[in-house]
Amino acid sequence: MFRKIKHLVSQTSGSVPLPMVLVVPFVVQIFATVGLIGYLSFRTGQKAVNELAIQLSTRVTERINQHLKNYLETPHFMQAITVSSIRNGNLDINNFTSLQQQFWSDIQLSDAVDYIFLGDQDGNFIGVQEYRDGGKVVKFRDRATAPKRLIYALDEDGERTELLKSQDYDPRTRPWYQATLKAQTQTWSSIYISADLGILQITPATPIYDQQGTLQGVLGTNLILSQISGFLRNLEISKSGQAFIIERSANIVASSTDELPYISTNSVPIRLNALNSQKPSIKLTTQELFQQVDNLNQINQPLQFAFELNNKTQLVQVSPLTDVQGLDWLIVVRVPEADFMAQITANTRTTILLCLAALGVATILGILTARWVTQPILSLNTAAKEIAKGKWEKIVEINRSDEVGELAKSFNSMAKQLHESFETLEEKVEERTAQLAQANGEIRALNQRLKAENLRMSAQLDVAKQLQQMVLPKPAELEAIEGLDIAGFMEPVDEVGGDYYDILHHDDVVTIGIGDVAGHGLESGVVMLMAQTAIRTLQEMQETDLVKFLDVINRTIYHNVERMNSDRNMTLAILNYCGGRISISGQHEEIIVVRASGKIERVDTIDLGFPIGLDEEITQFISHVSVQLEFGDGIVLYTDGITEAENMEGKQYGLEQLCQIVSQNWQGAAEAIQQIVIDDVRRHIGSQKVYDDITLLVLKQK
């Protein structure tokens, strides 16, 4: 990809005039730098604004939460005092006169409480309320007035004056009474419509029990939710920020707007859901909130998100109301990003203007600089074209002492030298042609010698390969060995391999050898032939002492390799088979013993010998083990060209895979087992290059 771009730039720049090549990158660089700085400044400012908006939303939420805590916990506190007075006998719930005076005194203690009342199981009711215009009234219902509730005005001393209203009323049917009976402890009612004022309110209520645990009545305190809305409207958020409180059902509790949290249908007030709000900001904020969570009950900690409203980003924080004795409301604070972005937008416009000004100045300076730089170069170009036409007398006159002036002087000197060189060029060409002809002849002679040397080396390798194949045991020899079913395979990675195996039969003893010479090629093949010859000689001499057997082979190979000035050595394992018992000696790969049932036993040869040809004296390292073979048992020998064969992913074939394939197919003949293993190895290798010789020997007792 980089090469294609480089090639495209090279082609394009080659056809663009030099002044433009000098001016455009200069202008683009300045414009890009100023633009990037402006963009980063804008993004940094925007990030700072978002952080500021989040901090503001958090502080506003904390203020709302603290205000609600003070506003909503005061009634419970006052109720606790009243209930304590009743339990201590200081206040009689059946004495409406004393209750009226107590309630009248209590509502003057706090602005948060403007209505205190008590209802009992018989439907009796007494309550004192302060209206928003400052007037105070007493509301009561007893046996004499039932089913009516009478409302009297109170004077400055809390005494009844005139009857204001009479209405049907039963406290036992009201939401606050029903909620308290259900909870059987201090609780909150649901938000409901006032029976007297027709506005939204909520009631914290406390049940009153006698010493026997019998319910005597319910003490309640109405809180008008419009006071919370008034607090939200007076709260300083931002220029056009907004806050509202909703229940988990999304019904509005209060908001900083002038919209009422309920609507009237046929003169019956109905709670307003935030999704049905006439204020687009509340409605769309709630819709986006439901895009963030499937259910509002999932919000257990502050949630922050952003959305677009009228193409302007809105930053929203939603927090659960906390520490208010069971109320489950959500506080929503919305802050428009634009309230803080005015200065940043102005800075962005200034940056754009500065960028355009810089672009103009850079363009003018670039043109002047390009003209100053390119004019002498154009003169040099013209002079070069004249010289190309054979006008050697053309001289460039540039009176400057900088690099361009030096270039002009060098050009004039070069033109003079070219003129002189051109006059003697033909003589030099003839001389060089003669030299090239002589060199060409030498190269042809060298090629002929190399071809002859290659043919000689190829013939030597062919002879070595034929010798190596000739000394391997022939199928007829293997078939002539009674009591054993034997199959052997060897495939070198080069023309001459370094793997070795042999099977020699004399009297009742079968000598089996397998080894692996380090490396490949001619040297490894020669070492392999040395080992075969030494083993054959010792077998013909009927040498059965494996320690002496391996010691003689090691000394023979060691001294020959030393004479060859080579570092070749080999692993070699010798197995002597006679009457069903095999003796194993020498260090090589693990020997696989396969029982007739297919069970695998592995013999580690690491402690049975030492690499051949590596050291002159190895007798102290040589040991042996014996394995008894029964009918159907056998031995599998191999070189690391099988176990370390890699596929295209670099995974080796492995000894475990070899054992598994042998075990699964052991019921077949030795030749069949050998072929199955070789086929499986080749499937594993696939198209990967083969890096080592592959040798496999299978012996199975008949």
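Predicted model: local features only at pLDDT ≥ 70, side-chain atom pairs only at ≥ 80, totals over all residues.

Beyond its neighbours within four places in sequence, Leu572 is in contact with Tyr500, Ile514, Gly515, Ile535, Leu550, Ile553, Ser585, Gly586, Gln587, His588 and Ile612.

The chain contains 15 helices and 28 strands. It has 702 residues, of which 43% count as buried. Among contacts with a separation of 6 or more, 61% are between residues 24 or more positions apart. The accessible surface of the chain is about 38,000 Å², and carbon and sulfur atoms account for 52% of that surface.

Five strands make up an open sheet, in the order E19-E28-E27-E24-E25, with antiparallel pairing. Strands E19 (484–491) and E25 (600–603) stand at the edges with a single partner strand each, so one side of each has no neighbour in the sheet. On average, and ignoring direction, neighbouring strands of this sheet are turned by 15° against each other. Inside the order, strand E27 (residues 634–638) pairs with strand E28 (residues 694–701) in the antiparallel sense over five bridges. Tyr638 has Leu696 in E28 as its bridge partner.

Helices accompany this sheet. Helix H15, residues 670–685, packs on the sheet and touches E19 and E28, its direction making about 30° with that of E19. Helix H14, residues 655–664, lies across strand E24 (591–594), E25 and E27, and runs at about 140° to E25.

Helix H12 (residues 546–563) is the place of Asp551. Is Asp551 buried or exposed? Asp551 is buried, because its relative accessible area is 12%, and the cut-off for buried is under 20%. Leaving aside neighbours within four places in sequence, Asp551 is in contact with Glu617, Thr619 and Ile622.

Next comes helix H4, residues 175–183, whose buried residues are Trp176, Tyr177 and Thr180. Seen down the axis of H4, these residues fall within an arc of 100°, so they line one face of the helix. The buried residues of H4 pack against strands E1 (115–119), E2 (125–130), E6 (187–188), E7 (192–193), E9 (204–209) and E10 (215–221). After H4 comes Gln184, whose phi is positive, near 60°.

Strand E2 contains Ile126. Ile126 counts as buried because its relative accessibility is 0%. Which residues does Ile126 contact, leaving aside its neighbours within four places in sequence? They are Phe96, Leu99, Phe103, Ile116, Phe117, Leu118, Val138, Lys139 and Phe140. Ile126 and Phe96 are 30 residues apart in sequence, and their C-alpha atoms are 6.5 Å apart in space.

Terms used. Residues numbered from 1 in each chain as written. Heavy atoms only, no water. Pairing = 2+ DSSP bridges. Helix = DSSP H or I, 4+ residues; strand = E, 2+ residues; numbered from the N terminus. Axes fitted to C-alpha atoms, helices over the stretch in contact; angles between N-to-C directions. Contact = heavy atoms within 4.5 Å. Buried < 20%, exposed > 50% of the residue type's maximum accessible area, 1.4 Å probe, protein only. Arc of directions from axis to C-beta. Areas by Shrake-Rupley, 256 points an atom, 1.4 Å probe, with all protein chains shown as cover.
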